[in-house]
Amino acid sequence: MSTSSAVMEVVHLRKSFGPMVAVDDMSFDLAAGRSIGIVGESGSGKSTTARMLVGLERPDSGTVSFTGEGKDAGRGTRARRARARRIQMVAQDPYLSLDPRVTPRQALERVIRLHFDLPAAERRERAQALLDQVNLGAREADALPRGLSGGQRQRVAIARALAVSPRVLVLDEPTSALDVSVQAQILALLRRIRAEQGISFVFISHDLAVVKEITDELIVMYRGRVVEAGPTREVLRRPSHDYTRLLLDSIPRPGWDPESIGAARRALAAATVPGA
Amino acid sequence: MRVRDRFRSDAASAIPGGDVADALRIEGLSVRLTRGDAQRPILDGVDLVVHAGETVGLVGESGSGKSVTSRAALGMFPAGAEVRGRVIVGGVDVVGARRSALARVRGGEAAMIFQDPRAGINPVRRVGDFLGERMRRRGIGRAERRTRCRALLDSVGISDPDTTLRLYPHQMSGGMLQRVMIAAALSAEPGLLLADEPTTALDVTIQAEIIGLLMERRAHSGAAMLFVTHDLELAAAVCDRIYVMYAGRIVECRPSGSLFADPRHPYSVALLRATPRLESEVPVVPVPGRPLSLAEAPVGCAFAPRCPHAVDECLEAPPALVGVGDGAAACIRCNDEDPRR
């Protein structure tokens with residue numbers, strides 16, 4: 001998958017918690033403006049991977065590096081801020097990820113002040129531009145998070161992540177707490193942002209139908225390991241691993257057979273010894 | 001009252017064959033919060049029927065009133081709400097029913113499976129105590145309770161019932177616990193099963209397994225089911241008929257197949273277009289605008305501000321359900337040549 005325009009290279013990431021290997025040998029390249037999906041069930045290691053990418057979790061071994069820069073793993077304030085300008089994350093639950101006492105406008109201005117040395121007027125302008133970009137009106141911009149809906153909060157989280165103009169945005173199930181129609185709005189917003197800014201996405205999800213909407217490439221994880229990887233459409237059309245097939249069969253549709261899915265899941269779990 | 005009566009008679013003629021042996025019959029149900037800044041009722045003249053043995057879906061987004069509707073079947077209404085209409089379960093109108101009649105409905109006629117199994121079980125009691133509670137109150141002895149509980153767990157595919165009976169809820173996965181809740185709900189052999197987003201909190205593969213179990217057990221017991229979800233695909237896979245709700249009203253009621261093949265209400269059309277589907281090559285299309293808050297009380301159709309087909313007449317009065325093909329839709333234009341254009 002290596003390309004000359006890669007913005008991020010992930011090499012042999014591994015993380016264990018006690019005897020449990022959460023992520024084992026995760027490698028991929030992410031090209032500028034591309035979007036890669038990581039799918040799997042609870043405990044597959046997809047969220048641990050996301051946390052290692054943004055530096056919330058330190059890998060036992062392996063590296064996450066950004067082209068044009070050294071493989072720094074610094075923990076100081078300066079290193080952390082530099083990392084923040086390369087990669088940002090949008091969390092799953094919009095009800096937990098915002099400070100309840102800070103309005104969206106204030107939140108954005110704070111992030112901008114922390115990272116850029118700008119006069120107040122320009123700071124305000126920049127915050128307004130971000131609010132416009134995610135379609136938040138004046139009322140929402142100056143309301144406290146409790147006065148906002150789930151979809152509006154997720155827009156705030158996206159604007160806040162974009163405030164430092166990162167090269168990579170990690171989205172950890174950004175729509176799984178939202179209604180279908182709101183999910184569609186957020187997906188459309190993300191599509192537009194990617195087209196306008198050439199930003200790269202790492203999109204974590206358990207929902208293949210959503211991943212199909214927003215990614216070019218796909219990594220399927222099962223029990224900490226990559227079991228399948230390739231162009232999203234290829235993987236969905238011709239899955240090669242049993243687990244990918246199980247995920248595809250699990251999506252409800254008229255005439256599906258949920259009982260055979262249960263049998264297939266148990267057969268797969270029995271055949272796969274965890275951590276082996 | 002006059003408006004509601006007219007609405008009811010329209011709807012009754014629009015919903016086919018709704019008088020024989022119904023597991024649940026809701027007629028003209030309106031629920032209004034008397035406190036806060038609510039300007040419109042959370043339910044507004046809801047008519048809904050679940051025939052005996054039938055599986056019916058109730059689909060809508062957060063705030064559409066779908067959960068309030070399903071809870072109404074157990075006589076559970078928001079505190080201090082003003083309730084009008086009838087909710088008949090097993091021959092009992094639970095609106096304004098006496099405590100003893102309500103207890104009979106909740107303890108036998110109808111049972112509910114909630115979204116979060118952990119919210120419906122006492123975390124400091126063992127699974128065995130939870131499952132055997134009703135039996136103990138009926139005076140069934142300890143040994144007999146144990147046998148019955150074991151059989152219940154066995155029926156929902158729990159392979160080691162003896163160990164499971166001794167577990168506390170926190171020692172179980174969400175999927176396992178939901179199996180226990182299904183076993184508990186079916187233990188009283190209810191005529192009506194209410195399932196409120198029973199798999200939303202679970203992984204997709206586990207969801208499939210739990211739905212499979214629920215469908216199999218329901219068919220085995222012959223109970224009717226009202227299946228509440230925001231997931232149209234899931235509803236279509238599980239249900240015979242689907243009601244679509246928007247802003248406290250039923251906007252469409254159709255057999256699952258025809259709702260998908262030929263939705264007639266613009267909101268149903270928009271919802272289907274916003275749902276990501278593996279088979280589809282077309283990207284999802286967001287529904288423009290935002291859902292109606294309780295503080296907004298439009299005179300006309302609640303969906304009109306977001307509707308691409310709205311005309312002046314839509315703003316005059318809320319549209320009544322009218323018959324369309326094999327169901328009903330609440331849109332004055334639902335019988336136009338092509339409402340999607």
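**Figure 1. Chain B is built from 11 helices and 12 strands.** Here helices (H or I, at least four residues) and strands (E, at least two) are DSSP runs, numbered from the N terminus. This is a predicted model, where local features need pLDDT of at least 70, side-chain atom pairs count only at pLDDT 80 or more, and totals for chains, interfaces and linings use all residues. Residues are numbered from 1 along each chain as its sequence is written, and chains are lettered from A and ligands numbered from 1 in the order in which they are written. The radius of gyration of chain B comes out at 21 Å, close to the 20 Å from the globule rule for 341 residues, so chain B is as compact as a globular protein of that length. (That radius is taken over C-alpha atoms, and the rule is 2.2 Å times the number of residues to the power 0.38.)

Figure 2. B:Arg145, B:Cys149, B:Leu152 and B:Leu153 are buried (20 or more other C-beta atoms within 10 Å of the residue's own; exposed is 12 or fewer, partly exposed is in between, with C-beta atoms placed from the backbone). Just past the helix, B:Gly157 takes a positive phi of about 75°.

**Figure 3. Chain B meets chain A through 31 residues, in contact with 30 of chain A.** Contact means C-beta atoms, placed from the backbone, within 7 Å. H8(B) gives the most to this side of chain B, with 9 residues.

**Figure 4. Four strands of chain B form an open sheet with antiparallel pairing.** The order is E2-E1-E4-E5, and two strands pair if DSSP finds at least two bridges between them. E2 (43-51) and E5 (92-93) of chain B stand at the edges with a single partner strand each, so one side of each has no neighbour in the sheet. E4(B) (81-89) and E5(B) pair over 2 bridges, and B:Val89 stands opposite B:Val92 in E5(B).

Note on methods
Two residues are in contact if their C-beta atoms, placed from the backbone, lie within 7 Å.
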